[in-house]
Amino acid sequence: MELMNQPFSGQLGNRLIELLDSADFHTLNIAVAFAKNSGVLRIKDSLERFRERGGKVNVHVGVDLGGTSYEALTALLLHTDTLNVVHSENGQTFHSKIYQFSGRDKELIVVGSHNLTGGGLWTNFESSVHMSVNRSSASEMPILRRLDDYIGELSSLKDSFMSIGAQDDIDKLLQNGYIFKEVAERVRLATSGTQEGTRERLFGKGAPATRPRITAPEIEKTVAVSVAPVGPTSFPPSDEGQTIWFETKRMTGGSRNILDLSKRSLVELGDPTDTPFDLGEPPFMRGGVEFFDLNPAATNQSKNITLNFEGIDYISNTILFPSGDKANGTWRLQIKGTSSSGRGITEALRTKGEEHYLVKKIVTFTKIQSDYYFMSVFPESELESFKAASRILARNGATKNAKLLGLL
């Protein structure tokens, strides 16, 4: 038996990845209160390797208190064998945090405080007991029977138990307000109460803890050039999870899939001082391309990034500063990536029922790491809410006529 006190004596996310790569187990059962993309996207490749070897992954998750997101359920649906939601309409919170690995001869049960989120698995202060159970020991079998009974009792809850068999089931939860898109929830919280920046900070930054990088399929790396630095060029690791949004209007490109990112931006609200966007030339700041860790002045660079859209990774979306007769003097993100199955993101967007789905929308990018982001799309009608929620609001260019962008 082991007691893990995260982050001091380990991080459960790293332990889960090790166990999923082990040949000792054939089944993983998870029962957690909350799931977010920050956790799910970091273990999804390990879940897939486990399943490709014949392993089974079964998840039970709650949807209370806004703790589970639309994006996380969408990704889990793609990378698990069974996915179930537990929820009571009388305010009774589903709050379990159990991870059970089953093998032919042994079991490992983790019970503690870790949710299926980036914080729960890597960076939060969490504690859990890790219990190895020998199936041949009569004295150790009762705990397995109690756990099996618990999973069976959850399944017997009838109207408080929902099996998620298709994306339509997740969409129904979204439409009825049981779950939210992660960026939408951040906007709602930012506009409904006191924002963090308005209160006095009374505590420090806790203990250092890092999250693992996500390894995407081979993509062309950034082409490096020698350019004099213009201030900081990347967010520190602690800023992972930040979100930028862009007003799209008409877009460009034949598929309307090219998003302008700008070299510099005209600030309308907020102060970029002491942020990576600080240009030192008020009222301007560094352009939207800075969010993707590219120096706006280094126009000889290009970079391919992976975009996760509705649970699927699309690689080789190119950021570049075009040259030639058709260049418009600004950075561009070409949203043109392909999935591991060969399906293009533009094809996935077309299935949303509009000829050019990104036109007249708000497109958001949330940083998981420097070359990996998840993308969400919102109707243009929500623009005022996004403006109100932004800590920095700017034009995606140097003039007042340029489209808007914001940092949440």
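I will begin with two phenylalanines: Phe246 is buried, and Phe365 is buried as well, where buried means under 20% relative accessible area with a 1.4 Å probe and protein chains only. Please keep in mind that this is a predicted model, in which local features need pLDDT of at least 70, side-chain atom pairs count only at pLDDT 80 or more, and totals for chains, interfaces and linings use all residues. Residues are numbered from 1 along each chain as its sequence is written, and side-chain values use heavy atoms, with hydrogens and water left out.

The structure holds 10 aromatic pairs, a pair being rings of Phe, Tyr or Trp (its six-membered ring) whose centres lie within 6.5 Å, with planes under 30 degrees apart called stacked, over 60 edge-to-face and the rest tilted. Because Phe246 lies in strand S9 (residues 243-247) and Phe365 in strand S17 (residues 361-369), the pair ties together parts that are 119 residues apart in sequence; strands here are DSSP runs of E, at least two residues long, numbered from the N terminus.

Phe246 and Phe365 also belong to one aromatic cluster, together with Phe291, Phe292 and Tyr373. Over the face of Phe291 lies Lys367, at 5.3 Å from the ring centre, and the criterion for such a contact is that NZ of Lys or CZ of Arg is within 6 Å of the ring centre and within 35 degrees of the ring normal. Elsewhere, Arg188 lies over the face of Phe180, at 5.9 Å from the ring centre.

Technical notes: Helix = DSSP H or I, 4+ residues; strand = E, 2+ residues; numbered from the N terminus. Buried < 20%, exposed > 50% of the residue type's maximum accessible area, 1.4 Å probe, protein only.
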